[in-house]
Amino acid sequence: MCGIYGCIGPNASTMVLQGLRKLEYRGYDSAGLAAIFPKHQGPVKMEKTVGYVSDLVSKANGRFDGAHISIGHTRWATHGQVNTNNAHPHSSNDGNITIVHNGIIENALELSNKIIKLGYDIKSETDTEVISHLIDIELKNQSKPKNYLGAFSNVTSQLIGSWAIAAIISDLEGILVSKNGAPMAIGKGVNNISVSSDVQPFYGACSEVAYMNDGDNFLLTKDGIISQDDSNIPNFSILEGIYDEQNPGLFEHMMLKEIHDQPISLSNALHGRISSDGLNAKLSGFSLSPSEMKNLDKINLVSCGTAYYASLIIVEYIRKYSKVPVEAFRASEFPSENTCSKNTLTIGITQSGETKDTLDALMEAKKCGSHVSSICNVIGSTIARFTNNGAYLYAGSEFAVASTKAYTNMIAIGLLFALTISDISENKKRKIVKSIRKLPNLISSQLIIHDESIQHASKLIRDSKKVIFIGRGDLTSKLVQEGALKMMEVSYIPCLAYPGGELKHGPIALIEDGTPVIAIAPSDSKLHLMESSIRECKSRGAKIILITDHEGPITKHADVTITTMKIHSDLTPFINIIPLQLLAYKAGIENGINVDRPRNLAKSVTVV
Ligand code: AGP
C-alpha cells in the first residue's frame, strides 16, 4: 500500500511534497516525484530516493519549484527490493510518460514479456513500470491528434489486479488517473485540482472532494475532469472533518502522544453514547435496530491486526451481555459463504477504513446476503462509505503505525454495542455503565504513575531474544495478544501470547534463564491460577514482569511489578492495555527503533 498525490496548479510540486508527507503513514520505503513546467521541453522531470519524504525534499532541493503539473508517491514495497530503481515514479524508455501506482498488477509479468518482445527495456522489478510502456505503445499506434484518455483507458482495460494510477505525459496539460480496487479521491482548491490516495492531504489545500469509483479513467485538467463518458464524472461535495497536524507536541514520538491521548479520545468515543442519567448505553448509527440485532442468527466481526485483537475482546462482551451468536474472523481468512445469510450482520472493524482485506470481507459478506456495518475511525474512508452505517471511533487522527488509542476506542464502542443489544438486568447494566464513565480518569491516573517500573521492565526486555505474554480469563487471555503485537511491531523482538493455562502444553519449552514473561493478573477469579502459571515460568528461570492491581502474595514472584488502577472486572482491558503499550514503546526506544515508522509496516494496508 502506497500513497499517491498529484496536483495541477501553481507550485504543484510543493503541493505534492506536502501531500506525500501526509500520506507517508501508508508506506515509507521510498519516495519520488515527477513534474512538468510551463513551456516544458523534453522528458518529464523526475527525482526519487529510498527513505522518507524528507529525504526526497532534500534531494529535490527546490529543483521542482515552479512546476504546474506534478505527481508523487510514497512506497510500501510489494514487488522488488527497496532501492531507487524500484522507487516510483516509473517512466517510458524515452522519459516522456511517467506514472505512479498503488495496488498490485497481477498480470504484470505476462504484459512485460509481451512488450520485451516488442523491444522495450524494463528497468525495474516492479509490477508498475510496464504500465508506462503500454501507454507508450498505445500512443505510438495512434494517428494524430492524440487521444491520451483513450490510450490510457485501453491500457487499464488490459490490467488485472488492483490499482490507483496517476500518469503525466510531457506534452499533455493534465493528469491521467484510474481507479480499480485501491482508494483514490479528487480534490478541488482555490487554484488547484488535486488527486490523492485519501483525503488527509486535502485538508488545508482543497475545499471540495469527489471519490473515484472502480473502473473510472479520467483526465484531470486545470478546468476540471474529462471522462470518455460524462455520466460517470463523480460529484464534488464539501470536504468534511478536520486534519490533526502530525505533531507530537511535548512528547518525543507520535506513538507516546497517542498513548497519552487515550483519556480524551475515550471520552470522545463515549460522548453522547451514555444516557444523560448516566445509567444506560445507547449506540446509534447502525441500520438494524437493537431488537432486530437481538434476533440475528449471527454477528460476524471481520478485521486485521490490532483491530482483530480488539474484536476478540468485543466478542467476549457480546457473549457476556447478549445471547446473539458472535464470532471474530481475521478478514483475510473470512469464510463468508459458511457464516453469512440474510439474517446475519457482518461488522468491519478498522482504524483507517482502507484495509483491503477487511473491505473485501465486507463485500463478500454483502454478496452472501449479510447485513454489513462498520466500526471505523476515519470519516469518509472507503469502508465507512461502503457500509454507510455503524459507529465512528472519534479517536482523532492516529499517525503512529502501531495502533494504540484506536484499539481502546474499538473495545469501548464494542462494549457499548454489546450493552445496546444486551438482555442483562438493568441493575447489572447500570453498574457497568457507571464504571465505564470512570474510565477516562482512571486511564489518566494510570498514565501518570511514575514509579520506574516500566523503565526497569523495559531494561529486562531490551536485549532478550523473545518475550512471552500470559493472561487468564475471557478478557485478559485476549488482551495479551494485542500486547505481543505491539511489542513485535515496535521493538522487533519475537513474542508469543498464550493463555496462562496453555503454556505447560508446549510453549513453556521456550523459557530459559532470563526469558522475560509479562504476566497480566488482575484481581479476578483467575488470580490464583495465574500465580501457578507464574511459578511454573519462574522455576525455569523466567524474569517475571507482573502487571496487576493486586498487592498480595502473587507480587513476591515478580522481578518487576507494574501496579494498575482497580476497576470493574469487565473493564480491566482498558487499564491493563496502558502498561502494555508503554512497555512496547520503551523497548522500541531502548532498541533505537523509529517507533512511529517501524520497518516493513504501514498504517493502512490497501493491498491483499
Ligand atoms: C497495528 O498496530 C497495525 N498498524 C496493524 O496491525 C493494523 O491494526 C491493521 O493493519 C488493521 O488496520 P485498520 O484498523 O486500519 O484496518
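Two strands count as paired if DSSP finds at least two bridges between them. Helices (H or I, at least four residues) and strands (E, at least two) are DSSP runs, numbered from the N terminus.

This is a predicted model: local features need pLDDT of at least 70, side-chain atom pairs count only at pLDDT 80 or more, and totals for chains, interfaces and linings use all residues. Residues are numbered from 1 along each chain as its sequence is written, and side-chain values use heavy atoms, with hydrogens and water left out.

**Stop 1: the parallel sheet**

Select strand S23 (residues 543-548) and strand S24 (560-563). S23 and S24 pair in the parallel sense over four bridges. Find Ile 547; across from it, in S24, stands Ile 562.

Now widen the selection. Five strands form an open sheet with parallel pairing, in the order S21-S20-S22-S23-S24. Its edge strands are S21 (495-499) and S24 (560-563), each pairing on one side only. From one strand to the next, the twist averages 20°.

Angles here run from 0 to 180 degrees between N-to-C directions; axes are lines fitted to C-alpha atoms, for helices over the stretch in contact. Contact means heavy atoms within 4.5 Å. Helix H15 (residues 453-462) lies across S20 (467-471), S22 (516-520), S23 and S24, and runs at about 140° to S24. Helix H16 (residues 476-491) lies across S20, S21 and S22, and runs at about 180° to S21.

**Stop 2**

Select strand S6 (residues 97-105). Is S6 mostly covered or mostly open? Mostly covered: nine of its nine residues are buried. Buried means under 20% relative accessible area, exposed over 50%, and partly exposed in between (1.4 Å probe, protein chains only).

Show strand S5 (residues 90-91). Two bridges join S5 to S6, and these strands run antiparallel. His 90 stands opposite Ile 99 in S6. The S5-S6 hairpin has five residues between the strands, and there Gly 95 takes a positive phi near 75°.

Next, show strand S7 (residues 161-169). S6 and S7 pair in the antiparallel sense over nine bridges. Asn 102 stands opposite Ala 164 in S7.

**Stop 3: two buried loop residues**

Follow the chain to Leu 172, in the loop between S7 and strand S8 (175-180). At 7% relative accessibility, Leu 172 is buried. What does Leu 172 touch, not counting residues up to four places away in sequence? Its contacts are Ile 36, Ile 69, Tyr 148 and Leu 219. Leu 172 and Ile 69 are 103 residues apart along the chain, with 9.7 Å between their C-alpha atoms.

Jump to Met 212, in the loop between strand S11 (208-211) and strand S12 (217-221). Met 212 is buried too, with a relative accessible area of 2%. Leaving out residues up to four places away in sequence, Met 212 touches Val 177, Ser 178, Lys 179, Met 184, Ala 185, Ile 186 and Phe 218.

**Stop 4: a helix pair**

Select helix H9 (residues 305-321) and helix H13 (residues 405-420). Their axes come within 9 Å and cross at roughly 25°. That makes H9 roughly parallel to H13; angles under 35 degrees count as roughly parallel, over 145 as roughly antiparallel, 65 to 115 as roughly perpendicular and the rest as oblique.

Show side chains where the helices meet. From H9, the residues include Ile 313, Ile 314 and Tyr 317; from H13, they include Met 410, Ile 411 and Phe 417.
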